[in-house]
Amino acid sequence: HQFALELKYLKKNEAKQLKQKAAEACAQLERYREDPYLNGLQDFHAWAVVFVGDEVGWSGEEIGRAHV
């Protein structure tokens with residue numbers, strides 16, 4: 001298995017931007033998936049996580065092929 005993790009960070013006082021950061025993380029993973037090499041890998045999994053301070057504010061299901 002191969003994995004791509006897109007990690008984003010927000011300071012606690014920036015928590016209102018959580019939806020925007022999550023969308024940015026998903027968009028970045030989609031760009032990774034467009035790469036011919038990565039797109040050709042079997043068992044390639046892509047996940048996104050946005051931290052707000054020291055806590056997970058949002059984590060995405062697998063982005064792309066199987067679980068959107």
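Author: A residue is called buried when its relative accessible area is under 20%, exposed when it is over 50%, and partly exposed in between, with a 1.4 Å probe and protein chains only. Strands are DSSP runs of E with at least two residues, while helices are runs of H or I with at least four, both numbered from the N terminus. The model is predicted, so local features require a pLDDT of at least 70 and side-chain atom pairs a pLDDT of 80 or more, whereas totals for chains, interfaces and linings use all residues. Residues are numbered from 1 along each chain as its sequence is written, and side-chain values use heavy atoms, with hydrogens and water left out.

Seven of the nine residues of β2 are buried, so the strand is mostly covered. In the protein chain as a whole, buried residues make up 32% of the 68 residues. The chain contains two helices and three strands, arranged along the sequence as β-α-α-β-β.

Strand β2 has a partner in each of the other two strands, where pairing requires that DSSP find at least two bridges. With β1, strand β2 runs parallel, and nine bridges join them. With β3, residues 55-59, the pairing is antiparallel and extends over four bridges. Here Val-49 stands opposite Ser-59, and Val-52 stands opposite Glu-55. Strands β2 and β3 form a hairpin with two residues between them, and Gly-53 in this turn has a positive phi of about 65°.

The side chain of His-45 is joined to that of His-1 by a polar contact of 3.0 Å. A polar contact is a pair of N or O atoms within 3.5 Å; within protein, one must be able to donate a hydrogen and the other to accept it, and residues adjacent in sequence count only if both atoms are side-chain atoms.

Strand β2 also takes part in covering helix α1. The buried residues of α1 are Ala-22, Ala-25, Gln-28, Leu-29 and Arg-33. They lie on the same side of α1 because they cover an arc of only 145° around the axis, taken from the directions from the helix axis to the C-beta atoms. What covers them includes β1 (2-10), α2 (36-40), β2 and β3, where contact means heavy atoms within 4.5 Å. Leu-29, in α1 (residues 18-34), is buried because its relative accessible area is 0%. Between the C-alpha atoms of Leu-29 and Ala-48, which are 19 residues apart along the chain, the separation is 7.6 Å. The face of α1 turned away from the buried side carries the exposed residues Lys-19 and Glu-34.

Over the protein chain, residues 24 or more positions apart account for 58% of the contacts with a separation of 6 or more.
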